[in-house]
Amino acid sequence: MMETKIKKALIIDLASQTSEVKSFSDLNSYVGGIGVGLKLYENYKECDPIVFSVGPLNGFFPFASKTSVIVSDDGVIEDLYVGGNLSLRIKFSGIDAIVLCNKSEENVVIDITNTSVSFKPEDTDFNSLGLPGKRSLIDMSGKEFIVQGYFSTPENFLEKCLLEKKIYGMCITGTENYKPINFSSYEKLYSEILNKKSELRVEAGIYPSCSNCPMGCGKSKVGEIGGNVLIHSLVACHFADKIYSDIGVVFSCLNVLGYDYTHEDLESLPKLIEDTIRRVS
Amino acid sequence: MKYFIANWKMNMSLEDIVSWLEKFSKLELKQDPSRHIIICPSFPHLSLIKEVSRKIGFEVGAQDLSLFERGAHTGETGNFQLKELVNYCIVGHSERKESLNTVIIKKDLCIKTGIIPIICFVGKKNLTKLDTKGAILCWEDPNNISKGGVYREKNPLEIAKGMKEIKEKVSKGTTVLYGGSINRENIKSLNEIKEIDGVLVGNSSLDPNHFADIINTAI
């Protein structure tokens, strides 16, 4: 059963090579993505964290395909959005966020399977990690952040921060299964949204697609920078802004998955995010 | 209306911007998470605006981009450079007096990079050539553009008629903005025109109070 009242984060302490899963009931009002990422950044600010987070729709609806990353670039908080299958695997690890705290002593590759974490040496054979078909591989061996050998980030902040923490790669395997509470309504809504392909701001292409997106547009190769807070709290694709800035569609999606957010919750989201970023900056 | 685009043109110094940001950040805006407030400063100020955009709650756009992709083009700013700073770029503003071909090339460069072009047009005859999947269109209504500081007001019924004609010509679902002397006085009547998805605000966006009034009236 999927948690809809709390947010779960996998907290990884690189210095002590330990990890734990923590539940946060106070994070629910932040919805997901940038909101949850920023609040977790604030909570763990002393540990110089990098926060990967997903939103409530990731893994369940088309074009809700990105992963939010919050990182500090010399004191300036940046939010980036990465494509590929990373969001799907984080979601099906049973968590909403991964928080990388402190700094490893040795170069390290992090292998996450659901919520269990192991730390491997830098020269680990990447293909030996995780479960093929259920994993998302982040390769840093070329000093560039590459997901699934293709998707990268728009700027080099993330690479810089990961290398400072001596992280040379990550593998996230997620094998959990969740069934939406009202499956037939979910299925209907899924099809309706999938049929809104014409409302996307991209044409279909022949490039690798992000998870839950059939477009193969090629535009997500380099990820995204900050934009609309609702889109980036759901961690939907920026090019699906017409679909996921329609409050009616958003509520339908949240509702069918069992979330009970109100209009007030969504309306207060921009202020909540602005206030949080002001505090952490 | 969902889109509120501030086109600062070549009006703001660094000092002006700092003061604008300070004032705007203290103003109470009606909350609407689906709204897009996009600030388009001059190139030298893009970095600063991007850095504070999250804190103040807006997105960033450029006012133009180079016709060329990369290379020896002194003074130009290319699509690949803008991609790191902006999600939107104004293309073909009437003040730039660019040919249709130039606008089409720039629009295509934006689309290629994943920047959403805000394509300005005055006449409606080339609309089908500009209407591209992923783009935002903005009608710079020739009968309602301020010239030499003189504001020319147009009857909202005529604007509604013009917008309806445009919506009938472009693909279904295309985002179309209105850009003609937007101010706190006329925004209420413009907001009643359902074909208008947002506004491109010039002069009135230079004053943070005025721009906030426009946003608050339209939501």
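Reply: Strand 7 (108-113) of chain A and strand 8 (116-121) of chain A pair in the antiparallel sense over 6 bridges, where two strands count as paired if DSSP finds at least two bridges between them, and where strands (E, at least two residues) and helices (H or I, at least four) are DSSP runs numbered from the N terminus. This is a predicted model, in which local features need pLDDT of at least 70 and side-chain atom pairs count only at pLDDT 80 or more, while totals for chains, interfaces and linings use all residues. Residues are numbered from 1 along each chain as its sequence is written, and chains are lettered from A and ligands numbered from 1 in the order in which they are written.

Within this pair, Ile110(A) has Phe119(A) of strand 8 as its bridge partner. The two strands form a hairpin with 2 residues between them, and Asn114(A) in the turn has a positive phi of about 50°. Thr115(A) also lies in the loop between strand 7 and strand 8 of chain A. Thr115(A) counts as partly exposed because it has 16 C-beta neighbours inside 10 Å; a residue is buried with 20 or more other C-beta atoms within 10 Å of its own, exposed with 12 or fewer, and partly exposed in between, the C-beta atoms being placed from the backbone. Leaving aside neighbours within four places in sequence, Thr115(A) is in contact with Leu10(A), Val21(A), Ser93(A), Gly94(A) and Ile95(A), contact meaning that the C-beta atoms, placed from the backbone, lie within 7 Å. Thr115(A) and Thr173(A) are 58 residues apart in sequence, yet their C-alpha atoms are 9.0 Å apart in space.

Strand 7 of chain A also pairs with strand 11 of chain A, here in the parallel sense and over 6 bridges, with Val108(A) standing opposite Ile167(A) of strand 11. Strand 11 (residues 167-173) in turn runs antiparallel to strand 9 (residues 135-139) of chain A, to which 5 bridges join it, and Met170(A) in strand 11 is the bridge partner of Ile138(A).

These pairings belong to an open sheet of 5 strands in chain A, with the order 8-7-11-9-10 and mixed pairing. Strand 8 and strand 10 (146-147) stand at the edges with a single partner strand each, so one side of each is left without a neighbour in the sheet. Strands of a sheet pair through backbone hydrogen bonds, either parallel or antiparallel.

As for the setting of this sheet, chain A has 9 helices and 12 strands, and buried residues make up 52% of its 281 residues. Of the contacts in chain A with a separation of 6 or more, 68% are between residues 24 or more positions apart. The C-alpha atoms of chain A fill a box of roughly 50 × 40 × 35 Å along the principal axes.

Chain A also touches chain B, with 31 residues of chain A in contact with 21 residues of chain B. On the chain B side, helix 2 (residues 46-56) gives the largest share, 5 residues. Chain B has 8 helices and 8 strands, and 46% of its 219 residues are buried.

Methods:
Two residues are in contact if their C-beta atoms, placed from the backbone, lie within 7 Å.
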